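Work through the exercises below with the sequence and the model side by side, and try each task before reading its solution.

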Amino acid sequence: MVHQNLIGGRNVPASDGAMLDVLSPVDGSLFARIASGTAADVDAAVKAARAAFEGSWGRLTATERGRLLMRLAAAVEARVDELGELESRDNGKPLRQAKADAVALARYFEFYGSAADKLHGEVIPYLNTHFIGVERVPHGVTGHIVPWNYPMQIFGRSVGAALAAGNATVVKPAEDASLTILRVAALAREVGFPDGAVNVVTGLGRTAGAALAGHPGIDFLSFTGSPETGTAVQTAAAQNHVGVTLELGGKSAQVVFDDADLDRALPVLVNAIIQNGGQTCSAGSRLLVQRGIFKDVAAAVSERFRNLRAGRPDAEPDLGPMINQAQQRRVQSYLDRAAGEGLTVAASGSVAQDAPKGGYYVAPTFFAPVAHESILSQEEVFGPVLVATPFEDEAEAIRLANGTPYGLAAGVWSRDGMRSTRVGRAMRVGQVFVNCYGAGGGIELPFGGFGRSGHGREKGFEGLIEFTTTRTIVIAHG
Ligand code: TXE
């Protein structure tokens with residue numbers, strides 16, 4: 001199957017006709033081709049978005065934009081199976097997770113659709129002789145550079161919010177996971193979005209992505225991906241003096257105190273790193289456990305890890321393959337470096353025997369105990385690798401939890417409400433979960449990081465505000 005760019009409502013090939021092969025991570029087979037977008041394609045997409053913003057899309061009321069998003073939500077909801085199957089093949093995630101992503105996508109459109117006409121400005125009572133209003137206005141044309149780990153959810157949270165706020169959008173999906181985004185953009189046309197409101201240019205980061213980040217016609221950028229590419233995107237955006245939201249992953253801690261309800265915690269602690277094969281920005285990749293229960297918790301987590309299987313997505317394994325060979329090698333290189341550091345493997349899962357040989361499977365691995373300074377405690381592996389480190393007391397727990405350059409999410413497990421609240425509020429992260437982790441997708445909950453995890457917020461009402469700016473109007477009336 002061959003997929004083209006979507007520019008100004010038309011499916012068009014790359015300006016130079018170049019294509020990229022799409023390999024399925026399930027078995028490494030070639031199963032589709034996408035346009036390898038060029039700077040000229042990005043330029044055409046930005047122009048199409050500008051024309052929509054200044055034309056039919058820009059003329060719609062907030063209520064009308066919201067209705068279109070609600071229709072898109074319904075269209076996605078009616079195609080959860082189709083989208084889930086496509087994502088599972090393209091991305092390798094277990095079918096159930098892929099379908100859950102499609103459900104979340106529909107929820108993002110529903111949330112932002114219903115919020116579109118509820119974002120109001122303010123009136124400032126400054127002078128009795130003047131009326132002063134502050135209106136919330138869209139930036140204009142927004143660029144969205146999307147990674148491969150949750151293509152639908154990240155498209156939903158950023159493009160959904162941008163459209164609700166009235167922006168016209170240009171999207172650059174990850175080269176390894178473009179297909180569901182192309183499908184959803186086509187659905188947007190079908191439900192009545194004007195041509196040019198949603199444009200998609202597929203292709204490589206260093207060409208299409210870089211062209212979008214540096215395009216002078218872009219008024220605001222949203223990027224989710226690695227810190228290194230985030231720096232490149234922000235540097236490019238700075239040349240045009242435009243704002244950027246960056247979500248750059250994390251090294252999130254799960255802090256387990258000796259009074260925690262372990263029956264409740266254990267399945268969540270394991271799932272927090274295994275979901276999506278550990279390729280989740282907010283993966284709970286560090287387990288900090290109070291010393292008195294460290295051995296017991298490590299033993300219980302080990303037992304669960306030994307039973308974990310990586311396998312083909314349609315068999316509903318615990319985890320599917322990594323997204324591509326580079327990611328599989330990256331995870332393997334971390335395991336090799338850990339072995340070089342002499343870290344102790346507490347337990348490993350396995351790759352299912354019927355997992356296709358050409359797929360990018362990795363066995364989950366649990367290391368315990370691991371020093372806080374170790375490479376596996378400090379760097380984002382983005383794979384099914386969990387480390388556990390003991391701590392003595394509350395102060396040390398806080399120091400270790402906040403002791404990486406990242407700051408995206410944290411979990412705190414304790415039956416002592418005052419302690420868990422105190423520790424939760426000391427976390428330098430964008431989201432803290434107490435006696436739980438990940439609140440049902442978190443569509444309504446502001447999400448983003450501190451430090452190396454990035455800046456700006458997506459999701460929830462905060463995410464909608466990010467895609468607007470203000471215009472203050474001062475009217476003298478005597
Ligand atoms: O990321 P990139 P990669 C982390 C994770 C992973 C690592 C590398 O640790 O192992 O990053 O993954 C586009 N200008 N995360 O290499 O390069 C690219 O095409 C503009 C965490 O895939 O950041 C894709 O669309 N765009 C993360 C997107 O950027 C460029 C999710 C992300 O790719 C570009 C993914 C450039 N110069 C990876 N170069 C999270 N926060 O969840 C690439 N891109």
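The model is predicted, so local features need pLDDT of at least 70 and side-chain atom pairs count only at pLDDT 80 or more, while totals for chains, interfaces and linings use all residues. Residues are numbered from 1 along each chain as its sequence is written, and side-chain values use heavy atoms, with hydrogens and water left out.

**Exercise 1.** Describe helix 4 and find the elements against which its buried residues pack.

Solution. Next, list the buried residues (under 20% relative accessible area, 1.4 Å probe, protein chains only), which are V80, L83, G84, E87, S88, D90 and N91. These buried residues pack against strand 4, strand 5, helix 3, helix 5, helix 6 and helix 7. Finally, look past the end, where G92 follows helix 4 with a positive phi, near 90°.

**Exercise 2.** Is D336 buried or partly exposed?

Solution. First locate D336, which lies in helix 12 (residues 325–341). Its relative accessible area is 47%, so D336 is partly exposed, a class that runs between the 20% and 50% limits.

Methods:
Helix = DSSP H or I, 4+ residues; strand = E, 2+ residues; numbered from the N terminus. Contact = heavy atoms within 4.5 Å.
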